[in-house]
Amino acid sequence: MKRAAKLLVSLLMTVVFSWWAFRETDWNSLMASLRTANYLWVVPYFGFLMLVHLARTLRWGCLLSGMEQVPFRKLNEASGIGFMMLLVLPFRLGEFARPLLIAQRSSIRRSAAMTSVVLERITDGMFVAALMRVLLMFVPAEVPELRFVKLGANLMFAVFASGLVFLLFALWHQDTAVRLVRATVGRVAPPVADKMADVVDSFVGAMRQLPNRRQMAGFFLFTLIYWGVNGAGVAVLSRAFGESMSLTLFQAYVVNCVLVVGVMIPAAPGMMGTFQAAVKVGLSLFLPASVVNGSGLAYANVLWLCQTVQQVGLGVLLMSAGHLSFRDLAGRLNKVQAQEQDTAAAGTLPSA
(Lines give C-alpha, C1' and ligand atoms only; values in the text may rest on other atoms or scores of the structure.)
Protein backbone atom coordinates (compact mmCIF):
# COMPACT_ATOMS: atom_id res chain seq x y z
CA MET A 1 0.00 0.00 0.00
CA LYS A 2 2.85 2.37 0.82
CA ARG A 3 4.53 1.71 -2.54
CA ALA A 4 1.22 2.05 -4.39
CA ALA A 5 0.69 5.41 -2.71
CA LYS A 6 4.20 6.56 -3.64
CA LEU A 7 3.69 5.48 -7.25
CA LEU A 8 0.35 7.24 -7.40
CA VAL A 9 1.83 10.46 -6.01
CA SER A 10 4.79 10.34 -8.42
CA LEU A 11 2.50 9.78 -11.40
CA LEU A 12 0.25 12.58 -10.21
CA MET A 13 3.22 14.94 -10.00
CA THR A 14 4.22 14.01 -13.54
CA VAL A 15 0.70 14.67 -14.83
CA VAL A 16 0.41 18.00 -12.99
CA PHE A 17 3.79 19.33 -14.14
CA SER A 18 3.26 18.06 -17.69
CA TRP A 19 -0.09 19.85 -17.80
CA TRP A 20 1.49 23.05 -16.48
CA ALA A 21 4.40 22.90 -18.91
CA PHE A 22 2.27 22.28 -22.00
CA ARG A 23 -0.98 24.09 -21.15
CA GLU A 24 -0.12 27.18 -23.26
CA THR A 25 1.83 25.37 -25.95
CA ASP A 26 1.75 26.66 -29.51
CA TRP A 27 1.65 23.19 -31.05
CA ASN A 28 2.11 24.41 -34.61
CA SER A 29 5.25 26.30 -33.64
CA LEU A 30 6.51 23.37 -31.56
CA MET A 31 6.08 20.87 -34.40
CA ALA A 32 7.61 23.27 -36.92
CA SER A 33 10.63 23.72 -34.62
CA LEU A 34 11.07 19.96 -34.32
CA ARG A 35 10.89 19.56 -38.10
CA THR A 36 13.31 22.36 -38.95
CA ALA A 37 15.83 21.89 -36.11
CA ASN A 38 19.44 21.29 -37.08
CA TYR A 39 20.03 17.95 -35.38
CA LEU A 40 23.71 17.98 -36.22
CA TRP A 41 24.07 19.88 -32.93
CA VAL A 42 22.98 16.70 -31.14
CA VAL A 43 26.34 15.11 -32.03
CA PRO A 44 28.52 17.54 -30.03
CA TYR A 45 25.91 17.56 -27.26
CA PHE A 46 26.32 13.81 -26.83
CA GLY A 47 30.05 14.48 -26.59
CA PHE A 48 29.36 16.94 -23.76
CA LEU A 49 27.16 14.35 -22.02
CA MET A 50 29.97 11.78 -22.17
CA LEU A 51 32.35 14.33 -20.64
CA VAL A 52 29.76 14.92 -17.91
CA HIS A 53 29.67 11.18 -17.21
CA LEU A 54 33.47 10.99 -17.15
CA ALA A 55 33.81 13.92 -14.72
CA ARG A 56 31.07 12.52 -12.50
CA THR A 57 32.71 9.10 -12.43
CA LEU A 58 36.24 10.37 -11.73
CA ARG A 59 35.14 12.64 -8.89
CA TRP A 60 33.35 9.70 -7.24
CA GLY A 61 36.60 7.79 -7.55
CA CYS A 62 38.37 10.63 -5.72
CA LEU A 63 35.93 10.30 -2.80
CA LEU A 64 36.26 6.53 -2.65
CA SER A 65 40.07 6.61 -2.84
CA GLY A 66 40.35 7.09 0.91
CA MET A 67 38.92 3.57 1.28
CA GLU A 68 40.25 1.92 -1.89
CA GLN A 69 41.68 2.92 -5.26
CA VAL A 70 39.00 1.38 -7.47
CA PRO A 71 40.14 0.65 -11.06
CA PHE A 72 38.45 2.90 -13.63
CA ARG A 73 36.71 0.02 -15.42
CA LYS A 74 34.93 -1.11 -12.26
CA LEU A 75 34.23 2.47 -11.22
CA ASN A 76 32.82 3.28 -14.66
CA GLU A 77 30.56 0.21 -14.64
CA ALA A 78 29.12 1.05 -11.23
CA SER A 79 28.65 4.70 -12.15
CA GLY A 80 27.08 4.22 -15.60
CA ILE A 81 24.74 1.41 -14.56
CA GLY A 82 23.91 3.13 -11.27
CA PHE A 83 22.80 6.38 -12.86
CA MET A 84 20.72 4.47 -15.39
CA MET A 85 18.94 2.62 -12.58
CA LEU A 86 18.37 5.89 -10.76
CA LEU A 87 16.62 7.27 -13.84
CA VAL A 88 14.41 4.33 -14.78
CA LEU A 89 13.42 2.64 -11.50
CA PRO A 90 10.52 3.80 -9.32
CA PHE A 91 10.48 4.33 -5.55
CA ARG A 92 14.04 5.77 -5.60
CA LEU A 93 15.38 2.21 -5.87
CA GLY A 94 18.19 3.52 -8.05
CA GLU A 95 19.64 5.41 -5.07
CA PHE A 96 21.07 2.10 -3.84
CA ALA A 97 22.49 1.04 -7.22
CA ARG A 98 25.93 2.67 -7.16
CA PRO A 99 26.74 1.67 -3.55
CA LEU A 100 25.60 -1.89 -4.22
CA LEU A 101 27.53 -2.18 -7.49
CA ILE A 102 30.78 -0.72 -6.15
CA ALA A 103 30.56 -2.94 -3.05
CA GLN A 104 30.41 -5.96 -5.37
CA ARG A 105 33.51 -4.75 -7.26
CA SER A 106 35.71 -3.74 -4.34
CA SER A 107 36.22 -4.16 -0.60
CA ILE A 108 34.28 -0.94 0.11
CA ARG A 109 31.24 -1.49 2.32
CA ARG A 110 27.88 -0.52 0.89
CA SER A 111 27.14 1.83 3.79
CA ALA A 112 30.43 3.68 3.24
CA ALA A 113 29.77 3.94 -0.49
CA MET A 114 26.30 5.29 0.26
CA THR A 115 27.88 7.98 2.42
CA SER A 116 30.03 9.07 -0.53
CA VAL A 117 26.84 9.43 -2.60
CA VAL A 118 25.26 11.55 0.14
CA LEU A 119 28.35 13.77 0.24
CA GLU A 120 28.13 14.19 -3.54
CA ARG A 121 24.49 15.21 -3.28
CA ILE A 122 25.18 17.76 -0.56
CA THR A 123 28.09 19.25 -2.51
CA ASP A 124 26.06 19.47 -5.72
CA GLY A 125 23.05 20.93 -3.95
CA MET A 126 25.02 23.69 -2.25
CA PHE A 127 27.11 24.42 -5.36
CA VAL A 128 24.12 24.71 -7.70
CA ALA A 129 22.07 26.74 -5.22
CA ALA A 130 24.93 29.18 -4.58
CA LEU A 131 25.74 29.46 -8.29
CA MET A 132 22.11 30.10 -9.17
CA ARG A 133 21.75 32.74 -6.46
CA VAL A 134 24.80 34.60 -7.85
CA LEU A 135 23.66 34.31 -11.47
CA LEU A 136 20.15 35.53 -10.65
CA MET A 137 21.63 38.82 -9.46
CA PHE A 138 22.21 39.64 -13.15
CA VAL A 139 18.75 38.65 -14.39
CA PRO A 140 16.39 41.63 -14.94
CA ALA A 141 14.23 42.10 -11.85
CA GLU A 142 11.02 42.67 -13.85
CA VAL A 143 10.85 39.03 -14.94
CA PRO A 144 7.77 37.59 -13.12
CA GLU A 145 9.23 34.12 -12.63
CA LEU A 146 12.34 35.45 -10.93
CA ARG A 147 10.94 35.50 -7.40
CA PHE A 148 9.93 31.84 -7.58
CA VAL A 149 13.33 30.81 -8.91
CA LYS A 150 15.06 32.75 -6.13
CA LEU A 151 12.81 31.06 -3.57
CA GLY A 152 13.73 27.65 -4.97
CA ALA A 153 17.44 28.50 -4.84
CA ASN A 154 17.18 29.71 -1.25
CA LEU A 155 15.24 26.64 -0.10
CA MET A 156 17.66 24.31 -1.87
CA PHE A 157 20.67 25.97 -0.26
CA ALA A 158 19.02 25.97 3.17
CA VAL A 159 18.20 22.25 3.00
CA PHE A 160 21.63 21.10 1.85
CA ALA A 161 23.56 23.56 4.01
CA SER A 162 21.67 22.55 7.15
CA GLY A 163 22.31 18.89 6.33
CA LEU A 164 26.01 19.57 5.90
CA VAL A 165 26.22 21.57 9.12
CA PHE A 166 24.57 18.78 11.09
CA LEU A 167 26.80 16.08 9.59
CA LEU A 168 29.94 18.15 10.27
CA PHE A 169 28.72 18.63 13.83
CA ALA A 170 28.30 14.84 14.03
CA LEU A 171 31.85 14.41 12.77
CA TRP A 172 33.19 16.52 15.65
CA HIS A 173 30.69 15.48 18.34
CA GLN A 174 29.36 12.09 17.28
CA ASP A 175 27.85 11.04 20.61
CA THR A 176 26.14 14.40 21.11
CA ALA A 177 24.67 14.28 17.60
CA VAL A 178 23.28 10.78 18.15
CA ARG A 179 21.75 11.81 21.48
CA LEU A 180 20.22 14.86 19.78
CA VAL A 181 18.60 12.66 17.14
CA ARG A 182 17.16 10.33 19.73
CA ALA A 183 15.94 13.21 21.91
CA THR A 184 14.11 14.93 19.04
CA VAL A 185 13.05 12.46 16.35
CA GLY A 186 12.93 9.65 18.92
CA ARG A 187 10.05 11.34 20.73
CA VAL A 188 7.91 11.10 17.60
CA ALA A 189 9.21 7.99 15.79
CA PRO A 190 11.74 5.89 17.73
CA PRO A 191 12.43 3.44 14.84
CA VAL A 192 13.20 6.34 12.52
CA ALA A 193 15.47 7.86 15.16
CA ASP A 194 17.38 4.58 15.41
CA LYS A 195 17.84 4.55 11.65
CA MET A 196 18.95 8.20 11.61
CA ALA A 197 21.42 7.50 14.40
CA ASP A 198 22.85 4.65 12.36
CA VAL A 199 23.13 6.94 9.32
CA VAL A 200 25.05 9.44 11.45
CA ASP A 201 27.40 6.70 12.68
CA SER A 202 27.96 5.43 9.13
CA PHE A 203 28.58 8.92 7.82
CA VAL A 204 31.08 9.75 10.53
CA GLY A 205 32.90 6.47 9.94
CA ALA A 206 33.15 7.15 6.21
CA MET A 207 34.13 10.80 6.72
CA ARG A 208 37.08 9.64 8.80
CA GLN A 209 38.22 7.67 5.76
CA LEU A 210 38.14 10.68 3.43
CA PRO A 211 41.02 10.80 0.94
CA ASN A 212 44.01 13.07 1.25
CA ARG A 213 44.04 16.72 0.29
CA ARG A 214 45.15 15.97 -3.25
CA GLN A 215 42.21 13.66 -3.87
CA MET A 216 39.76 16.09 -2.24
CA ALA A 217 41.13 18.83 -4.48
CA GLY A 218 40.47 16.48 -7.39
CA PHE A 219 36.92 15.94 -6.15
CA PHE A 220 36.20 19.68 -6.17
CA LEU A 221 37.98 20.17 -9.49
CA PHE A 222 35.89 17.47 -11.15
CA THR A 223 32.79 19.03 -9.58
CA LEU A 224 33.61 22.33 -11.32
CA ILE A 225 34.28 20.50 -14.60
CA TYR A 226 31.08 18.47 -14.22
CA TRP A 227 28.81 21.48 -13.83
CA GLY A 228 30.81 23.63 -16.24
CA VAL A 229 30.49 21.11 -19.07
CA ASN A 230 26.85 20.48 -18.18
CA GLY A 231 25.89 24.12 -18.64
CA ALA A 232 27.98 24.50 -21.79
CA GLY A 233 26.18 21.52 -23.31
CA VAL A 234 22.81 23.15 -22.63
CA ALA A 235 24.00 26.18 -24.62
CA VAL A 236 25.35 24.05 -27.48
CA LEU A 237 22.11 22.13 -28.02
CA SER A 238 20.06 25.34 -28.09
CA ARG A 239 21.84 26.24 -31.35
CA ALA A 240 19.82 23.52 -33.08
CA PHE A 241 16.64 25.58 -32.79
CA GLY A 242 17.70 28.76 -34.53
CA GLU A 243 18.76 32.25 -33.57
CA SER A 244 15.70 32.99 -31.44
CA MET A 245 16.52 30.03 -29.16
CA SER A 246 20.31 30.30 -29.01
CA LEU A 247 21.31 30.67 -25.37
CA THR A 248 24.42 32.43 -24.16
CA LEU A 249 26.62 30.59 -21.67
CA PHE A 250 25.22 32.77 -18.89
CA GLN A 251 21.63 31.95 -19.84
CA ALA A 252 22.44 28.26 -20.25
CA TYR A 253 23.93 28.04 -16.76
CA VAL A 254 20.83 29.69 -15.28
CA VAL A 255 18.53 27.29 -17.17
CA ASN A 256 20.62 24.32 -16.03
CA CYS A 257 20.48 25.44 -12.39
CA VAL A 258 16.70 25.85 -12.57
CA LEU A 259 16.51 22.38 -14.14
CA VAL A 260 18.46 20.85 -11.25
CA VAL A 261 16.02 22.36 -8.75
CA GLY A 262 13.05 21.19 -10.82
CA VAL A 263 14.06 17.55 -11.16
CA MET A 264 14.48 17.29 -7.39
CA ILE A 265 10.67 17.25 -7.22
CA PRO A 266 9.56 13.60 -6.89
CA ALA A 267 7.99 12.38 -10.14
CA ALA A 268 7.58 9.21 -12.16
CA PRO A 269 10.69 7.44 -13.52
CA GLY A 270 12.37 9.38 -16.30
CA MET A 271 11.60 12.83 -14.81
CA MET A 272 9.05 13.49 -17.54
CA GLY A 273 6.99 16.58 -16.78
CA THR A 274 9.15 18.10 -14.06
CA PHE A 275 12.04 18.27 -16.55
CA GLN A 276 10.07 20.17 -19.20
CA ALA A 277 8.44 22.44 -16.63
CA ALA A 278 11.82 23.39 -15.13
CA VAL A 279 13.35 24.14 -18.54
CA LYS A 280 10.30 26.26 -19.39
CA VAL A 281 10.72 28.30 -16.20
CA GLY A 282 14.42 28.78 -16.90
CA LEU A 283 13.82 29.89 -20.50
CA SER A 284 11.05 32.25 -19.37
CA LEU A 285 13.65 34.33 -17.54
CA PHE A 286 15.16 35.37 -20.89
CA LEU A 287 12.80 34.64 -23.78
CA PRO A 288 9.30 35.86 -24.67
CA ALA A 289 6.36 33.54 -24.06
CA SER A 290 5.76 33.13 -27.80
CA VAL A 291 9.23 31.56 -28.17
CA VAL A 292 9.13 29.55 -24.94
CA ASN A 293 5.77 27.94 -25.73
CA GLY A 294 6.91 26.87 -29.18
CA SER A 295 10.61 26.46 -29.89
CA GLY A 296 11.41 26.48 -26.18
CA LEU A 297 9.32 23.41 -25.41
CA ALA A 298 10.63 21.67 -28.54
CA TYR A 299 14.13 22.29 -27.19
CA ALA A 300 13.13 21.07 -23.71
CA ASN A 301 11.85 17.78 -25.14
CA VAL A 302 14.95 17.18 -27.25
CA LEU A 303 17.17 18.03 -24.28
CA TRP A 304 15.25 15.53 -22.13
CA LEU A 305 15.40 12.85 -24.84
CA CYS A 306 19.15 13.27 -25.38
CA GLN A 307 19.93 13.00 -21.69
CA THR A 308 17.64 10.00 -21.27
CA VAL A 309 19.03 8.16 -24.30
CA GLN A 310 22.63 8.80 -23.27
CA GLN A 311 22.12 7.74 -19.66
CA VAL A 312 20.04 4.66 -20.43
CA GLY A 313 22.09 3.69 -23.49
CA LEU A 314 25.39 3.86 -21.63
CA GLY A 315 23.96 1.88 -18.72
CA VAL A 316 22.63 -0.83 -21.04
CA LEU A 317 25.99 -1.10 -22.85
CA LEU A 318 27.91 -1.41 -19.57
CA MET A 319 25.39 -3.88 -18.21
CA SER A 320 25.67 -5.99 -21.36
CA ALA A 321 29.48 -5.87 -21.27
CA GLY A 322 29.42 -6.99 -17.63
CA HIS A 323 26.91 -9.78 -18.37
CA LEU A 324 24.44 -8.35 -15.85
CA SER A 325 20.70 -8.84 -15.86
CA PHE A 326 18.48 -5.80 -15.37
CA ARG A 327 15.84 -7.93 -13.68
CA ASP A 328 18.33 -9.50 -11.26
CA LEU A 329 19.88 -6.16 -10.36
CA ALA A 330 16.48 -4.53 -9.87
CA GLY A 331 15.50 -7.46 -7.66
CA ARG A 332 18.62 -7.04 -5.52
CA LEU A 333 17.96 -3.32 -5.19
CA ASN A 334 14.40 -4.08 -4.15
CA LYS A 335 15.69 -6.41 -1.43
CA VAL A 336 18.20 -3.79 -0.25
CA GLN A 337 15.47 -1.17 0.09
CA ALA A 338 13.21 -3.66 1.87
CA GLN A 339 16.00 -4.47 4.31
CA GLU A 340 16.55 -0.77 4.97
CA GLN A 341 12.85 -0.27 5.65
CA ASP A 342 12.63 -3.38 7.85
CA THR A 343 15.65 -2.18 9.79
CA ALA A 344 14.05 1.21 10.38
CA ALA A 345 10.77 -0.42 11.43
CA ALA A 346 12.50 -2.78 13.85
CA GLY A 347 14.77 -0.11 15.26
CA THR A 348 17.89 -2.22 14.76
CA LEU A 349 21.20 -1.55 13.05
CA PRO A 350 21.83 -2.90 9.55
CA SER A 351 24.60 -5.38 8.95
CA ALA A 352 25.76 -3.94 5.61
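## Aromatic pairs

W27 is partly exposed, because its relative accessibility is 49%. The model described here is predicted. The ring partner of W27 is F22, and the two rings are stacked, with 6.0 Å from centre to centre and 15° between the planes. F22 itself counts as buried, at 16% relative accessibility.

The structure holds five aromatic pairs, one of them formed by F22 and W27. A pair of aromatic rings is described by the distance of the centres and the angle of the planes. Another pair joins Y226 and W227, whose ring centres are 4.6 Å apart; the planes meet at 45°, so this pair is tilted. Y226 and W227 are both buried.

## Charges over rings

Two arginines are placed over aromatic rings. R56 lies over the face of F83, 3.7 Å from the ring centre. R98 has its charged end over the ring of W60, at 4.7 Å from the centre of that ring.

## Cysteines

The count of disulfides is zero, where a disulfide requires two cysteine sulfur atoms within 2.5 Å. For C306, the closest cysteine sulfur belongs to C257 and is 20 Å away, so the distance is too far for a bond.

C306 is buried, with 6% relative accessibility. C62 is also buried, with a relative accessible area of 7%.

Technical notes. Residues are numbered from 1 along each chain as its sequence is written. This is a predicted model: local features need pLDDT of at least 70, side-chain atom pairs count only at pLDDT 80 or more; totals for chains, interfaces and linings use all residues. Side-chain values use heavy atoms; hydrogens and water are left out. Rings of Phe, Tyr and Trp (its six-membered ring) pair if their centres lie within 6.5 Å; planes under 30 degrees apart count as stacked, over 60 as edge-to-face and the rest as tilted. Buried means under 20% relative accessible area, exposed over 50%, partly exposed in between (1.4 Å probe, protein chains only). A charge sits over a ring if NZ of Lys or CZ of Arg is within 6 Å of the ring centre and within 35 degrees of the ring normal.
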